[in-house]
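I am opening a notebook on this structure. The entries below record what I looked up.

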Amino acid sequence: MLGATPHCMLLLCAAMCCAVLFYFAFYGQQSTPQLAKLSLAGGCDPSTHEDTIWSSIISSAAGSPTADTAALMAAPSPQNPIKVGIVTVRSPSKNHEGKHFLIDGVVGSSHLSLHKICVMGSFKGCPVDVLKDTPATAAIHDDSDFEDIAFWIVHVCRVKTEENPDRNLAMRRMVWYLSARWKVLLVDFADYWQDSFYENHLFNAELAEKGWGRAVGPAVKYEYEYNGDGDDGDEDREASRDAMNIGANFSNLHLAVRSRVDGRHWNSTLGLQVTGFLCTELDEFWSNHTGNTPVAMPYAVRGDTVQELHELVPFQSLRKRVISTELRMASLRAGFLDRPPPHTDRPMDVIHLWRSAMFFNYGLYRSNVSAVIERMDNQPLQIDGNGQPDTTSRTIRASTKLQGQRGKMGRNFVEEAYILALLQSKIVVVTQRDEWEDHYRLFESMASGALVIHDTMLSPPRGVVDGTSIVFFESLEDLERKIVYYLQHEEERLGIAERGWMVAMGQHRSWHRVEEVVFGCPLTNSF
């Protein structure tokens, strides 16, 4: 018996090898032909990416005789995560963009560590304590709590000079104070670039009467002297200058904006959407003041969206179709086990969540798109030999019904009806606003596993490629033609939907977005 053991072992190994070869051969033949193999290794080398906040930290450390350069150069890694402080305008317990993308992004990253969360106070009479630490109260200048932080992320929450002067004043003081000691990443989720806060407050040399010390930068160098004029605010402003008169270093300021596209608009005369152009004015403005280049930080897949998908997907029936090896591996890594969303059964053919009669909120193009979708509902899918609708074929099921609430409630909370509508649709048509690029629904729809047909983007996010992970349309006629085509060609539709889902889940989670801005590329569980 002992002598036979090696022989038995060889036979067993041979059998296992044959089984493995048969498995991959079988699934390779059954998987979607267009499905490209994606690398599941993930990660990248941040040192190869220039003009990031991380490269700026490394450069500053290399020029400092006291900095622990070796420790910094060893990072980032899961074993040595970078400590980050975050400043939000709203409480982290509430749902808002700062929480969904910044707080959740840092917490979800294996290469970053959330060391401090602060909520900015926008109240008068307390210019020194411009931050309120949460949950305990602490002043920002308490170095014992902040000495280990490598950099700060500040949520610039749609600040407009003419609407909220108190918040602008508090934010300016806070940003100046932080920039004197740390690298600061300002994140502006405004729909489009507007320089009112930056021009009139952050880089304004005429604010000496506010009692805020001095500001220095690569292109602007000025030093203020406090001159009291006898009004009731003098005492507070003088206290502010005495306690925190250490100046601001504008070269430490980095900027991430939701979109760098300008000039996008609906041309009603021509009946088409003009995609606009990259805003070089923003680059010039920011570079002149800080010496740094702004980067794009578009919306990503929110954690609450994925949580809702996890809760709903198990109750959806699956298509009778073999799951490709790549999709199965990606599904396991994303926590969906053997039930990837692209394989849920979808009774609805196409949806576009905007009524054709809703001609407001920069939605003219959307309304025209919805008119096309509504016209397609209940029409025959197939065409007969004479080029006419084949009345014997099945009809298209299309809808433009709104799901859940719109506006702030719709942006801050994810509703079950909305996610369910995405899960039950073969095709989700996404149209951006008339005046700006980027939309929540892009990655929410891709994360649902549907084929996303999207209006043309001038600057699409990483991995979002026409005909590979998404389908772009250029006109209303093009949209209708592509909807019909992909309903008739299921394998192509499913292949693009699968790749789109893997791009969304493997490269565009909230932590991927933060890492992309900080390090130049996603690092955590990317595929």
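Entry 1. I note the cut-off before using it: a residue is buried when its relative accessible area is under 20% and exposed when that area is over 50%, with partly exposed in between. I also keep in mind that this is a predicted model.

Entry 2. How many residues of strand β9 are buried? I looked up residues 253–257 and found 5 of the 5 buried, so β9 is largely enclosed by the rest of the structure.

Entry 3. I then sorted the strand by side. In a regular strand the side chains alternate between the two faces of the sheet. On one side of β9 I list Leu253, Leu255 and Val257, and on the other His254 and Ala256; both faces are covered.

Entry 4. Which strands pair with β9? Strand β5, residues 183–188, pairs with β9 in the parallel sense over 5 bridges. Within that pairing, Val184 has Leu253 as its bridge partner. Strand β14, residues 295–296, also pairs with β9 in the parallel sense, over 2 bridges. There I find Ala256 partnered with Val295.

Entry 5. I moved on to the loop between β9 and β10, where Ser259 is placed. Is Ser259 buried or exposed? Its relative accessibility is 8%, so Ser259 counts as buried. A polar atom of the Ser259 side chain lies 3.2 Å from the backbone nitrogen of Val261.

Entry 6. Phe277, Leu278 and Leu458 make a nonpolar patch of about 270 Å². I located Leu458 in the loop between β18 and β19. Leu458 counts as partly exposed because its relative accessibility is 35%.

Key: Residues are numbered from 1 along each chain as its sequence is written. This is a predicted model: local features need pLDDT of at least 70, side-chain atom pairs count only at pLDDT 80 or more; totals for chains, interfaces and linings use all residues. Side-chain values use heavy atoms; hydrogens and water are left out. Buried means under 20% relative accessible area, exposed over 50%, partly exposed in between (1.4 Å probe, protein chains only). Helices (H or I, at least four residues) and strands (E, at least two) are DSSP runs, numbered from the N terminus. Two strands pair if DSSP finds at least two bridges between them. Patches are made of residues with over 30% relative accessible area and no salt bridge: like charges are joined within 9 Å, nonpolar side chains (Val, Leu, Ile, Met, Phe, Trp, Tyr) within 5 Å. Accessible areas come from the Shrake-Rupley method with a 1.4 Å probe; for residues, only the protein chains shown count as cover. A salt bridge is a side-chain nitrogen of Lys or Arg within 4 Å of a carboxyl oxygen of Asp or Glu. A polar contact is a pair of N or O atoms within 3.5 Å; within protein, one must be able to donate a hydrogen and the other to accept it, and residues adjacent in sequence count only if both atoms are side-chain atoms.
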